[in-house]
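Dear colleague,

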Amino acid sequence: MDVVNGAETGNAQPGAGASLDDILTGVLGCLDGLDFDCSEQVQGLNSLRERLTTGQFRLAVLGQFKRGKSTLLNALLGDNLLPTDILPVTAIPTFISYAPSLSARVYYNSGAEPSDFSSANDGSLADFLNRYVTEAGNPDNLHQVDRVAIGHPAKLLQQGVVLIDTPGIGSTHRHNTEVAYQVLPQCDAALFLVSPDPPITEVELEYLKEIRRQLPRTFYLLNKIDYLNADERIASLRFLADQLTPLLEGAPQILPISARKGLEACLAGQQEGWKESGMQQVEKNLIDFLAREKQQALQESIRLRIRDQIDALCMRLELSLNALKLPEEELKQRIAAFRSSLPDVEREKLAARDVLAGDLKRIEKLLHDETADVQKRAKAQLLVPLEGFFGSIADTEELERIVRGELAQSIPRFFAPEMPRVATIIQQEATALLALHQRRSNELIERVRQNAAELFDVSYRAPSARESYTTFSVPSWNNDLFISDMDPLGQRLSRKFLTRKFRHRRTIARLREEARKLVSQNVEQISWALRRGLEESFRHFSADLAEQLEKTIAANRAAMEVALDRSANRAAETAGPELRLKQGLKCLQEQLSQLEG
Ligand SMILES: Nc1nc2c(ncn2[C@@H]2O[C@H](COP(=O)(O)OP(=O)(O)O)[C@@H](O)[C@H]2O)c(=O)[nH]1
Ligand SMILES: [Mg+2]
């Protein structure tokens, strides 16, 4: 985050920081003379080093969309800066660190030059942020924004912390959930935010599991307690604790807060309100934590990630090395054994695909039932009342006008909330299911690695960060409702040629038919968008799994077959590669023991 050259660097403890830095330098050095491609690891190690040298502690606010994450951050900053709304707004991770005056910089995925906020050209900073980080200003991340860095003079930030606002999981914008998962490796600790209505969901518990796996420290907050009376607060806190306890080592400490009341109190300078909102306690805990444990937590977080990188490298080297040591016949047999285990993997992949297809059908059935229910209620609430007008208004033009007016109002009133409601039901089902499948596929992929490791007597260690996530989204969500497409030509014709009474009857029949059609079109709109979303995300998921498996198999085969090349080419010098692998491995193992020692 180079916009903000805060005071945080001064907080790094040179002793502890230097040793991890030494290890990073050491690991990169180990890779120098190696023959195989490890550019991915080098990149990862370099970015870890950057985090270490800036000494910035990254604290992310994580949770489902609309739990009040951006509001909480605004309260902590004492500034109504980050966009908040009742609709999902935050689409892009926003990093906020200390700067003596307000600044903001937008970084792009495309490699385009970053854009800087300038108060002369961009209006307020809030306007500027709206343009880049919200779904409204930057739908589906059209601008290809990677992240936004804000510099802010808030006191808390002087503690050497970077606060991160994240898009929540679980909104209808699939890329938001992906971003919420992808940001985890960049964080050192989390504030996990839940609120009472609705209570914590399965999707959030899945997310929390992943957060716990990747981050050494998590704080728990129950927001929006201003909705609850004293008894309800106790019940909500107890319920949340019961849900969280099985995932944690013990019962969690959960702070009840109202971020909104806290923000209001803070902006109005009311100390009492700040305290009552629970925000004073949050601020105090954070300041205490940062003062006492920040450095240690940062080191822990980076250590975990360095270890992952070393583990993956060691496994590859050991595998090649052990393969090189084997007599040719034995080597061929083991490679054959690895290959012959692949059809099993393939079969499991196909079985997983069948289960997935079955699950997709089940969700499609749920969608079908939901939309049938919407249709039924739409009939009762929109179509049946029209009969009253048909029976009571004798004037044909008047009837036409009133019925059209009525439909123009009642259709959006009914359907506007129905679309997101059904989408949420389907989305929660689909996300939970895909998370389950993701876990199973990861197990399958890890089995390939385990298998290779076992065949070549290599020790296996599971990685702590996962590669990719597939979640459910509604593609090209169309918020336009079908309101009216009544045929004016038919009207004119009927006026000209038909008798009054007959024309009235025809008009009623036509209005009935048009209204029925409008209802069906709107129901179909909901069902069509969601059905496509389901098909697309499930297909994407299957393709992803196939690709990841393919990659894992290829990498392991390449590691084994290094030795096969030697076998095929007996005359060539084999001591060289073996020596280099040995040296590389020894070097990495030394770094690992330093890391853990
Ligand atoms: N009643 C109440 N509403 C809140 C509170 N915190 C946030 N909200 C509201 O919840 C909605 C979502 O907040 P936002 O911060 O955008 O949530 P995010 O999606 O998690 O970032 C907004 O309308 C906020 O005003 C709170 O403590 N109490
Ligand atoms: Mg937000």
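The notes below cover the ligand site and then some backbone features.

This is a predicted model, in which local features need pLDDT of at least 70 and side-chain atom pairs count only at pLDDT 80 or more, while totals for chains, interfaces and linings use all residues. Residues are numbered from 1 along each chain as its sequence is written, chains are lettered from A and ligands numbered from 1 in the order in which they are written, and side-chain values use heavy atoms, with hydrogens and water left out.

Ligand 1 is surrounded by 17 residues, a residue being counted if one of its heavy atoms lies within 4 Å, and the closest are Lys-66, Gly-68, Lys-69, Thr-71 and Asp-226. The largest share of this shell, three residues, comes from α3 (helices are DSSP runs of H or I with at least four residues, strands runs of E with at least two, numbered from the N terminus). Oxygen atoms of ligand 1 lie 3.1 Å from a side-chain N or O atom of Ser-258 and 3.0 Å from a polar backbone atom of Ala-259.

Turning to the backbone, a cis peptide bond with omega of about -5° joins Asp-197 and Pro-198, and Pro-198 lies in the loop between β7 (189–194) and α7 (202–214). Lys-224, in the loop between β8 (217–222) and α8 (230–244), has a positive phi near 65° although it is not glycine, and is partly exposed at 24% relative accessible area, the range between buried (under 20%) and exposed (over 50%), with a 1.4 Å probe and protein chains only.

With best regards

Note on methods
A polar contact is a pair of N or O atoms within 3.5 Å; within protein, one must be able to donate a hydrogen and the other to accept it, and residues adjacent in sequence count only if both atoms are side-chain atoms.
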